[in-house]
Amino acid sequence: MAEHTGRGRTAIVIGGGLAGMLAVTALRGHVETITVVERDRYPADRTFRKGVPQARHLHLLLSGGQRAVDRLLPGTVAALTAAGARRLYLPRDLLTRTPTGWQRRFDERRHPTLSVTRPVLDAVVRERVLRGDAGPATRVEVLEATEAVGLAGDARRVTGVKVRSRDGDRSAGTARVLPADLVVDASGRGSRTPRWCAELGGRAPQEETVDSGLAYATRMYRPLDQDGAPEVGVNVPGWPECPRGAAYVPVEGGNWLLTLSGVRGHHPPTDETEFAAFSATIGDPYVHELLARAEPVSPVHGFRDTCNRRRHYERPGAIPDGLLVLGDATCTFNPVYGQGMSVAALGALAVRDTLDAAGGLGPGVLARAQRAIGRAAEPAWMTAVGADRPYVGGAATTAGLGERLTTWYLGRLAARAAIDRVVGAAFRDVFCLTAPPSRLMTPHVLLRTVLLPRRPGLPHPPAAVEAA
Ligand SMILES: Cc1cc2nc3c(=O)[nH]c(=O)nc-3n(C[C@H](O)[C@H](O)[C@H](O)COP(=O)(O)OP(=O)(O)OC[C@H]3O[C@@H](n4cnc5c(N)ncnc54)[C@H](O)[C@@H]3O)c2cc1C
């Protein structure tokens, strides 16, 4: 392991997951050494590891996230496709049942979505980052099986990370301090930065939560006969009157992932027999019928912590100098909207752009970078929270007039988007994170959404593709 002197430009990234790896890419060229502290040992092959428990579940990388990843690490989308990721163009290749009927299959081809298991996605990105083919040389080392257990410094400035080895050697259990000029917390949804800042005498950041109470259960399938497999993915999200949903998508290796979901009182079971039965109770029988032509090839895995949670580190005084917080550590989303990885990538890109524009890590640059991370998360936060509001009960969160209007408008717009090319294109631009939410308020989208009569979607999953 390298000697850390604390002099020069030394960065530590806590968490060697997706956001951590993209943080390395963003910092490359701006620091001399980057040490990634990762509590897991990476598996030799591209398989599941415990530190990313959500990796068992269906993960789609939206077009906005792909663009950000490719700007940070050019060629990654092609590498993912070469690793077997399936490209699903929206809305053509993801048959979607909305509350009012099936969405029309316009051959729009503006939003390719990547469908791949999460261990493969993470491994492809990690291999590319650690191979160092993504930018100017900065020394990067990874301390695997090493857990961050605290921050060093004081309420004004973070000066390092307290770490503990998780290997069964003599040093396991004893914390030591790794000094650093810059610390990035990319430790995911379980981030302990609020507690660690409090231990340094600082304040915990302001936190907002909007919890729809959704739970996931996921199982991998293999079509019995590849000719009988559907050619495209299927998405039947829940809606307030039928709060159970399913998404069934192809991934690498000829397998398919089925994720069932449901809000409070409708959580999908993890028992194998009940799991299949639950798929018959969602808003449409199509997915259940497809399962008759596939065999399960994995157990069922559940996941319950799906809350939208945002920690406002970008607000003045919310964070000590020398610290950045990125990815799920700062903002998590209800996973049905498929946004988290893309927002992590957009945040990392925002950091890189900020450092590039400032010409490096000068005074005030980290605060600017944290604000840029906050701005990168804003559109996804607004849409996820606006769409989730109808599921949130009680006084835990109070929606203001603006947010109630957003919810009403989004509901109407989503229904129109299922059948209308113009509104649909705007809807996808925003939900795929390639355009700001203001795109939903342009005059022609607004007028079509508010004035045109509500019409049902298609009665059956559409077989035919319609020209864009
Ligand atoms: C059920 C589910 C489904 C989802 N589906 C989608 C989807 O379809 N599309 C999408 O874009 N997003 C989806 N997401 C969100 C996505 O999983 C996250 O946004 C993404 O993983 C964030 O990356 P991250 O690197 O911030 O965190 P993680 O991927 O969770 O990585 C955190 C890393 O930090 C390490 N770590 C944690 N604590 C420490 C510590 N103290 N010391 C050292 N290392 C530590 C962990 O081992 C891990 O390697 C989903 C989330 C869930 C829960």
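**Ligand shell and sheets: a quick chat**

Me: Which residues come nearest to the ligand?
Reply: A19, E38, L60, R118 and D328 come nearest, out of 36 residues around the ligand. A residue counts as near if one of its heavy atoms lies within 4 Å.

Me: What kind of model is this?
Reply: This is a predicted model; local features need pLDDT of at least 70, side-chain atom pairs count only at pLDDT 80 or more, and totals for chains, interfaces and linings use all residues. Numbering starts from 1 along each chain as its sequence is written, and side-chain values use heavy atoms, with hydrogens and water left out.

Me: How does the shell divide into nonpolar, polar and charged?
Reply: 13 nonpolar, 15 polar and 8 charged. Ala, Val, Leu, Ile, Met, Phe, Trp, Tyr, Cys and Pro count as nonpolar, Asp, Glu, Lys and Arg as charged, and the others, Gly among them, as polar.

Me: What lies 3.2 Å from a nitrogen atom of the ligand on the R39 side?
Reply: A backbone N or O atom of R39. A polar contact here is a pair of N or O atoms within 3.5 Å; within protein, one must be able to donate a hydrogen and the other to accept it, and residues adjacent in sequence count only if both atoms are side-chain atoms.

Me: And which ligand atoms go with the side chains of H59 and R192?
Reply: For H59, an oxygen atom of the ligand is 2.8 Å from a side-chain N or O atom. For R192, a ligand nitrogen atom is 3.2 Å from a side-chain N or O atom.

Me: How much of the ligand does the protein cover?
Reply: 98% of the 1000 Å² of accessible area that the ligand has on its own. Areas come from the Shrake-Rupley method with a 1.4 Å probe; for residues, only the protein chains shown count as cover.

Me: Which elements give two or more residues to the shell?
Reply: α1, β10 (146-153) and α8 (340-358). Helices (H or I, at least four residues) and strands (E, at least two) are DSSP runs, numbered from the N terminus.

Me: You mentioned β10. What does β10 pair with?
Reply: β11 (residues 158-165), antiparallel, over 7 bridges. Two strands pair if DSSP finds at least two bridges between them. A148 has V163 in β11 as its bridge partner. The two strands form a hairpin with 4 residues between them.

Me: Where does β11 go from there?
Reply: β11 also pairs with β12 (residues 176-179), antiparallel, over 4 bridges. K162 stands opposite V177 in β12.

Me: New topic. What's the strand order in the parallel sheet?
Reply: β9-β2-β1-β13-β22, an open sheet of 5 strands. β9 (139-143) and β22 (323-325) are at the edges with a single partner each, so one side of each has no neighbour in the sheet. The twist averages 15 degrees from one strand to the next. Angles run from 0 to 180 degrees between N-to-C directions, with axes fitted to C-alpha atoms, for helices over the stretch in contact.

Me: Which strands does α1 touch?
Reply: Helix α1 (residues 18-27) touches β1 (10-14), β2, β9 and β13 (182-185), and its direction makes about 160 degrees with that of β1. Contact means heavy atoms within 4.5 Å.

Me: And α9?
Reply: Helix α9 (residues 365-388) packs on this sheet too, touching β13 and β22, at about 5 degrees to β22. α9 also lies across β14, β21 and β23, running at about 150 degrees to β21.
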